[in-house]
Amino acid sequence: MGLLVMILGLVLFLGVHVLTSLRDLRAGLVKAMGEGGYKIVYSLVAIAGFVLIIWGYGHYRSTGWIDVWTPPTALKHIAVALMLPAVILVVASYIRGRIYTTLKHPMLAGVKLWAAAHLLANGDLGSIILFGSFLAWAVYDRISLKRRADAGAPPIPVGGPTNDLIAIAVGVIAYLALAFAFHPVVIGVPVMGA
(Lines give C-alpha, C1' and ligand atoms only; values in the text may rest on other atoms or scores of the structure.)
Protein backbone atom coordinates (compact mmCIF):
# COMPACT_ATOMS: atom_id res chain seq x y z
CA MET A 1 0.00 0.00 0.00
CA GLY A 2 2.73 2.47 1.00
CA LEU A 3 4.71 1.83 -2.17
CA LEU A 4 1.68 2.56 -4.35
CA VAL A 5 0.93 5.77 -2.43
CA MET A 6 4.56 6.85 -2.83
CA ILE A 7 4.43 6.15 -6.56
CA LEU A 8 1.21 8.20 -6.87
CA GLY A 9 2.97 11.02 -5.01
CA LEU A 10 5.95 10.79 -7.37
CA VAL A 11 3.64 10.97 -10.38
CA LEU A 12 1.96 14.10 -9.01
CA PHE A 13 5.09 15.85 -7.70
CA LEU A 14 7.40 15.10 -10.61
CA GLY A 15 4.53 15.36 -13.10
CA VAL A 16 3.88 19.02 -12.30
CA HIS A 17 7.63 19.65 -12.46
CA VAL A 18 7.75 18.04 -15.92
CA LEU A 19 4.80 20.24 -16.90
CA THR A 20 7.00 23.33 -16.56
CA SER A 21 9.30 21.94 -19.26
CA LEU A 22 6.38 21.61 -21.69
CA ARG A 23 6.29 25.31 -22.43
CA ASP A 24 3.34 25.36 -24.87
CA LEU A 25 1.14 23.28 -22.56
CA ARG A 26 2.17 25.41 -19.58
CA ALA A 27 1.41 28.61 -21.53
CA GLY A 28 -2.04 27.27 -22.44
CA LEU A 29 -2.81 26.45 -18.81
CA VAL A 30 -1.61 29.88 -17.65
CA LYS A 31 -3.81 31.49 -20.30
CA ALA A 32 -6.83 29.42 -19.24
CA MET A 33 -6.36 29.81 -15.44
CA GLY A 34 -4.39 33.01 -15.19
CA GLU A 35 -0.90 33.18 -13.72
CA GLY A 36 -2.19 33.17 -10.13
CA GLY A 37 -4.60 30.28 -10.70
CA TYR A 38 -1.93 28.23 -12.40
CA LYS A 39 0.52 28.81 -9.54
CA ILE A 40 -2.10 27.87 -6.94
CA VAL A 41 -3.03 24.61 -8.72
CA TYR A 42 0.64 23.83 -9.40
CA SER A 43 1.52 24.39 -5.73
CA LEU A 44 -1.41 22.33 -4.43
CA VAL A 45 -0.59 19.39 -6.71
CA ALA A 46 3.12 19.58 -5.82
CA ILE A 47 2.36 19.72 -2.07
CA ALA A 48 -0.14 16.84 -2.34
CA GLY A 49 2.45 14.80 -4.24
CA PHE A 50 5.16 15.59 -1.70
CA VAL A 51 2.91 14.59 1.22
CA LEU A 52 1.99 11.32 -0.53
CA ILE A 53 5.67 10.59 -1.20
CA ILE A 54 6.55 11.10 2.46
CA TRP A 55 3.57 9.16 3.82
CA GLY A 56 3.92 6.35 1.29
CA TYR A 57 7.66 5.95 1.78
CA GLY A 58 7.30 6.00 5.57
CA HIS A 59 4.51 3.41 5.44
CA TYR A 60 6.52 1.25 3.03
CA ARG A 61 9.60 1.43 5.30
CA SER A 62 7.57 0.34 8.33
CA THR A 63 5.42 -2.39 6.76
CA GLY A 64 6.48 -3.49 3.29
CA TRP A 65 10.26 -3.35 2.98
CA ILE A 66 11.56 -5.23 -0.08
CA ASP A 67 15.32 -5.81 -0.32
CA VAL A 68 16.79 -5.89 -3.82
CA TRP A 69 20.49 -5.77 -2.91
CA THR A 70 22.66 -4.98 0.10
CA PRO A 71 25.00 -2.04 -0.46
CA PRO A 72 28.49 -2.45 1.01
CA THR A 73 29.40 -0.11 3.86
CA ALA A 74 31.91 1.70 1.62
CA LEU A 75 29.06 2.93 -0.60
CA LYS A 76 27.32 4.39 2.43
CA HIS A 77 30.46 6.36 3.27
CA ILE A 78 30.66 7.58 -0.34
CA ALA A 79 26.99 8.62 -0.14
CA VAL A 80 27.64 10.65 3.01
CA ALA A 81 30.57 12.37 1.26
CA LEU A 82 28.51 13.11 -1.87
CA MET A 83 25.79 14.77 0.16
CA LEU A 84 28.00 17.72 1.16
CA PRO A 85 28.51 18.98 -2.42
CA ALA A 86 24.87 18.13 -3.21
CA VAL A 87 23.64 20.45 -0.45
CA ILE A 88 26.13 23.18 -1.39
CA LEU A 89 24.96 23.03 -5.02
CA VAL A 90 21.31 23.42 -4.00
CA VAL A 91 22.22 26.44 -1.85
CA ALA A 92 24.32 27.86 -4.72
CA SER A 93 21.24 27.89 -6.92
CA TYR A 94 19.81 30.59 -4.62
CA ILE A 95 23.00 32.36 -3.49
CA ARG A 96 24.34 32.77 -6.98
CA GLY A 97 28.01 33.26 -7.73
CA ARG A 98 30.63 31.54 -9.87
CA ILE A 99 29.33 28.09 -8.93
CA TYR A 100 26.03 29.08 -10.51
CA THR A 101 27.54 30.59 -13.65
CA THR A 102 29.82 27.59 -14.13
CA LEU A 103 27.13 24.93 -13.71
CA LYS A 104 24.15 27.00 -14.96
CA HIS A 105 21.75 24.73 -13.05
CA PRO A 106 23.32 23.78 -9.71
CA MET A 107 19.91 22.80 -8.28
CA LEU A 108 19.61 19.99 -10.80
CA ALA A 109 23.23 18.96 -10.25
CA GLY A 110 22.53 18.88 -6.50
CA VAL A 111 19.38 16.79 -6.97
CA LYS A 112 21.31 14.36 -9.20
CA LEU A 113 24.06 14.00 -6.59
CA TRP A 114 21.48 13.61 -3.77
CA ALA A 115 19.58 10.92 -5.69
CA ALA A 116 22.73 9.07 -6.82
CA ALA A 117 24.13 9.12 -3.27
CA HIS A 118 20.92 7.65 -1.89
CA LEU A 119 20.83 5.01 -4.63
CA LEU A 120 24.35 3.95 -3.61
CA ALA A 121 23.40 3.69 0.07
CA ASN A 122 19.98 2.03 -0.22
CA GLY A 123 19.25 -1.27 -1.91
CA ASP A 124 15.54 -1.65 -1.24
CA LEU A 125 12.84 -1.38 -3.91
CA GLY A 126 11.14 1.69 -2.47
CA SER A 127 14.40 3.65 -2.31
CA ILE A 128 15.36 2.60 -5.83
CA ILE A 129 11.98 3.83 -7.12
CA LEU A 130 12.07 7.04 -5.06
CA PHE A 131 15.63 8.16 -5.70
CA GLY A 132 15.72 6.71 -9.22
CA SER A 133 12.64 8.78 -10.11
CA PHE A 134 14.24 11.99 -8.85
CA LEU A 135 17.47 11.19 -10.70
CA ALA A 136 15.57 10.50 -13.93
CA TRP A 137 13.59 13.73 -13.54
CA ALA A 138 16.73 15.81 -12.93
CA VAL A 139 18.44 14.32 -15.99
CA TYR A 140 15.31 14.93 -18.09
CA ASP A 141 14.92 18.50 -16.83
CA ARG A 142 18.56 19.36 -17.55
CA ILE A 143 18.20 18.05 -21.11
CA SER A 144 14.93 19.95 -21.57
CA LEU A 145 16.54 23.18 -20.33
CA LYS A 146 19.11 22.93 -23.11
CA ARG A 147 16.28 22.85 -25.64
CA ARG A 148 14.08 25.62 -24.20
CA ALA A 149 13.98 29.02 -25.80
CA ASP A 150 13.25 30.79 -22.50
CA ALA A 151 14.91 30.52 -19.07
CA GLY A 152 11.60 29.83 -17.34
CA ALA A 153 12.17 31.54 -14.02
CA PRO A 154 12.72 35.24 -13.38
CA PRO A 155 16.40 36.16 -13.24
CA ILE A 156 18.13 36.29 -9.85
CA PRO A 157 21.18 38.56 -9.64
CA VAL A 158 24.49 36.72 -9.85
CA GLY A 159 27.29 37.80 -7.53
CA GLY A 160 30.95 36.96 -7.38
CA PRO A 161 33.19 34.72 -5.29
CA THR A 162 31.79 36.12 -2.04
CA ASN A 163 28.44 34.54 -2.88
CA ASP A 164 30.22 31.24 -3.44
CA LEU A 165 31.83 31.44 0.00
CA ILE A 166 28.45 32.23 1.54
CA ALA A 167 26.82 29.35 -0.38
CA ILE A 168 29.54 26.96 0.82
CA ALA A 169 29.20 28.12 4.45
CA VAL A 170 25.40 27.88 4.39
CA GLY A 171 25.66 24.54 2.57
CA VAL A 172 27.99 23.09 5.23
CA ILE A 173 25.66 24.24 8.02
CA ALA A 174 22.62 22.84 6.19
CA TYR A 175 24.48 19.57 5.54
CA LEU A 176 25.33 19.16 9.22
CA ALA A 177 21.74 19.97 10.21
CA LEU A 178 20.37 17.47 7.69
CA ALA A 179 22.83 14.74 8.66
CA PHE A 180 22.64 15.03 12.43
CA ALA A 181 19.18 16.46 13.12
CA PHE A 182 16.79 16.01 10.20
CA HIS A 183 17.74 12.57 8.90
CA PRO A 184 17.70 10.66 12.21
CA VAL A 185 14.70 12.53 13.65
CA VAL A 186 12.43 12.94 10.62
CA ILE A 187 13.53 9.99 8.46
CA GLY A 188 14.11 7.81 11.50
CA VAL A 189 17.44 6.49 10.27
CA PRO A 190 20.89 7.69 11.30
CA VAL A 191 22.96 8.81 8.32
CA MET A 192 25.23 5.78 8.48
CA GLY A 193 22.24 3.51 9.11
CA ALA A 194 20.45 4.54 5.90
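The model is a predicted one. Its largest pocket has a volume of about 1,200 Å³, and the count of salt bridges comes to three.

**The largest pocket**
- The lining of the largest pocket is made up of 41 residues.
- If you want to find its centre, look for W114, H118, F131, F182 and I187, which lie nearest to that point.
- Six helices, namely α1 (2-19), α2 (23-63), α3 (73-92), α5, α6 and α7 (161-187), each contribute at least two lining residues.

- R26 and E35 meet through their side chains in a salt bridge, with an N to O distance of 3.7 Å.
- E35 also forms a salt bridge with K39, and here the closest N and O atoms are 3.7 Å apart.
- Both E35 and K39 sit in helix α2, four residues apart, which is about one turn of the helix.
- R26 counts as buried because its relative accessibility is 18%, under the 20% cut-off.
- E35 is partly exposed, with a relative accessible area of 37%, and K39 is partly exposed as well, at 47%.
- Through shared partners, these salt bridges join R26, E35 and K39 into one network.

**The D141 and R148 pair**
- A further salt bridge links the side chains of D141 and R148, at 3.1 Å from N to O.
- Both of these residues, D141 and R148, are buried.

- You will find D124 in the loop between α5 (106-121) and α6 (125-147).
- The side chain of D124 does have a polar contact of 2.7 Å with the side chain of S127.
- Leaving aside residues up to four places away in sequence, D124 touches Y60, W65, I66, D67 and V68.

**Two more residues to look at**
- L4 lies in helix α1 and counts as exposed because its relative accessibility is 63%, over the 50% cut-off.
- L4 and V186 are 182 residues apart along the chain, and their C-alpha atoms are separated by 21 Å.
- K104 lies in the loop between α4 (98-103) and α5.
- The phi angle of K104 is near 70 degrees, a positive value in a residue other than glycine.

Technical notes
Residues numbered from 1 in each chain as written. Predicted model: local features only at pLDDT ≥ 70, side-chain atom pairs only at ≥ 80, totals over all residues. Heavy atoms only, no water. Polar contact = N/O pair within 3.5 Å; in protein donor to acceptor, adjacent residues only side chain to side chain. Contact = heavy atoms within 4.5 Å. 1 Å grid on protein atoms, 1.4 Å probe; cavity = no way out; pocket = protein on both sides within 12 Å on 5 of 7 lines; lining within 4 Å. Points joined across faces, edges and corners; volume = space filled by probe spheres on them. Buried < 20%, exposed > 50% of the residue type's maximum accessible area, 1.4 Å probe, protein only. Salt bridge = Lys/Arg side-chain N within 4 Å of Asp/Glu carboxyl O.
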